[in-house]
Amino acid sequence: MKLAVTGGTGFVGGHLLSAAADAGHEVWALTRRPQPARSGVEWVPGSLDDAASLAALCDGAEAVIHVAGVINAPTAAEFEAGNVGGTKALLGAAATAGVRRFVHVSSLAAREPQLSLYGASKARSEVAVQTSPLDWAIVRPPAVYGPGDRETLELFKMARRGLVLLPPEGRLSLIHVADLARLLLALAAPGAPGGLLVEPDDGTAGGWTHRAFATQLGAAFGRNVTALSAPAGLLRAAARVDKLVRGRNAKLTPDRASYFAHPDWVASPARKVPAELWRAEIKTPEGLAETARWYEREGWL
């Protein structure tokens with residue numbers, strides 16, 4: 001296939017580009033900044049607010065895989081522009097170009113739009129996709145991890161030191177980035193079911209408790225860890241401090257603290273991916289150990 005991809009310079013998108021190229025697809029990927037040459041990838045300069053670059057990206061594509069999104073921003077307007085406005089602009093370009101299929105990467109946060117500006121914007125982006133004239137599929141990934149991820153890096157650093165600080169007691173689902181990339185390609189393929197909204201995971205029924213996840217993080221380094229759950233109020237206070245200290249560059253914003261404190265980020269069995277289309281291949285204990293080794297080799301820890 002000829003695939004048009006957004007978010008190819010990020011963590012998930014980068015793994016997707018590798019998987020697509022390995023599978024023999026022709027990939028056109030949007031980028032804001034010049035990128036080094038990459039086998040099987042044609043870089044398209046532009047952004048989601050540049051109509052001309054979106055037209056060039058979608059021209060001749062059989063499927064669009066929309067990975068790009070804003071996960072951290074200080075204002076509702078910035079979430080709206082990146083996650084809703086950007087998605088609508090790409091949908092319009094894809095429809096004009098006659099693209100067959102649109103695969104949209106959303107988030108489990110869209111299930112609880114009242115919790116965060118991020119989740120609310122992702123929920124609105126889903127509505128834009130579902131009401132478009134295109135043949136679509138929506139993926140709500142749970143926590144994604146794997147080599148090259150900076151979002152979970154701090155958790156690995158803590159596990160290596162033997163003390164993991166966690167949100168309030170709860171459960172979550174996990175997925176390795178390589179499994180997610182395979183799913184996105186499967187959903188873009190001719191014959192994949194349309195109008196599908198899925199919540200994939202690693203195959204662990206009921207997900208992982210936060211403490212069980214911390215235990216597995218420690219096992220990735222061959223050690224036992226102490227796991228401490230932070231009360232929701234402490235998370236919110238830490239977010240206010242981070243905002244005061246780092247301003248727009250804060251990592252733990254009040255918005256993120258709100259959805260981190262939610263007790264249920266487990267993929268719904270009712271939204272399971274059809275087994276004939278895809279199933280996870282990487283078990284979380286092995287995936288975490290592989291990721292830990294990668295971080296160590298690359299000197300990230």
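In this predicted model, helix 1 meets helix 6 through F11, V12, H15, L16, A19 and A20 on its own side and V177, L180, A181, L184 and L185 on the side of helix 6. Sorted by class, the residues of this contact comprise 10 nonpolar, 1 polar and no charged ones. Two packed helices are described by the angle between their axes and the distance separating those axes. For helix 1 (residues 11-22) and helix 6 (residues 177-188), the angle is about 60° and the axes lie 9 Å apart. Angles of 65 to 115 degrees would count as roughly perpendicular; helix 1 and helix 6 are therefore classed as oblique to each other. The crossing of helix 1 past helix 6 is right-handed.

Helix 2 (residues 51-58) and helix 3 (residues 76-97) cross at roughly 50°, and their axes come within 9 Å. Helix 2 is therefore oblique to helix 3. Their crossing is right-handed. Helix 2 contributes L54, A55, L57 and C58 to the contact, while helix 3 contributes A89, L90, A93, A94 and A97. The class count for this contact is 9 nonpolar, no polar and no charged residues.

Attention now turns to the strands. Strands of a sheet pair through backbone hydrogen bonds, in either a parallel or an antiparallel arrangement. Strand 4 (residues 63-66) runs parallel to strand 5, to which it is joined by 4 bridges. Within this pairing, I65 stands opposite V103 of strand 5.

How many residues of strand 5 (residues 101-105) are buried? The count is 5 of the 5, so strand 5 is largely enclosed by the rest of the structure. In a regular strand, side chains alternate between the two faces of the sheet. In strand 5, R101, V103 and V105 lie on one side and F102 and H104 on the other, and all of them are buried, leaving both faces covered. V103, which faces I65 across the strand pairing, thus belongs to the side that also holds R101 and V105.

Elsewhere, an open sheet of 3 strands is arranged in the order 12-9-14, with mixed pairing. Its edges are formed by strand 12 (208-209) and strand 14 (264-265), each of which pairs on one side only. Strand 9 (residues 171-172) and strand 14 run parallel and are joined by 2 bridges. In this pair, L172 stands opposite W265 of strand 14.

Definitions and conventions: Residues are numbered from 1 along each chain as its sequence is written. This is a predicted model: local features need pLDDT of at least 70, side-chain atom pairs count only at pLDDT 80 or more; totals for chains, interfaces and linings use all residues. Side-chain values use heavy atoms; hydrogens and water are left out. Axes are lines fitted to C-alpha atoms, for helices over the stretch in contact, and angles run from 0 to 180 degrees between N-to-C directions. Angles under 35 degrees count as roughly parallel, over 145 as roughly antiparallel, 65 to 115 as roughly perpendicular and the rest as oblique. A crossing is left-handed if the near helix is turned anticlockwise from the far one by less than a right angle, and right-handed if clockwise. Contact means heavy atoms within 4.5 Å. Ala, Val, Leu, Ile, Met, Phe, Trp, Tyr, Cys and Pro count as nonpolar, Asp, Glu, Lys and Arg as charged, and the others, Gly among them, as polar. Two strands pair if DSSP finds at least two bridges between them. Buried means under 20% relative accessible area, exposed over 50%, partly exposed in between (1.4 Å probe, protein chains only).
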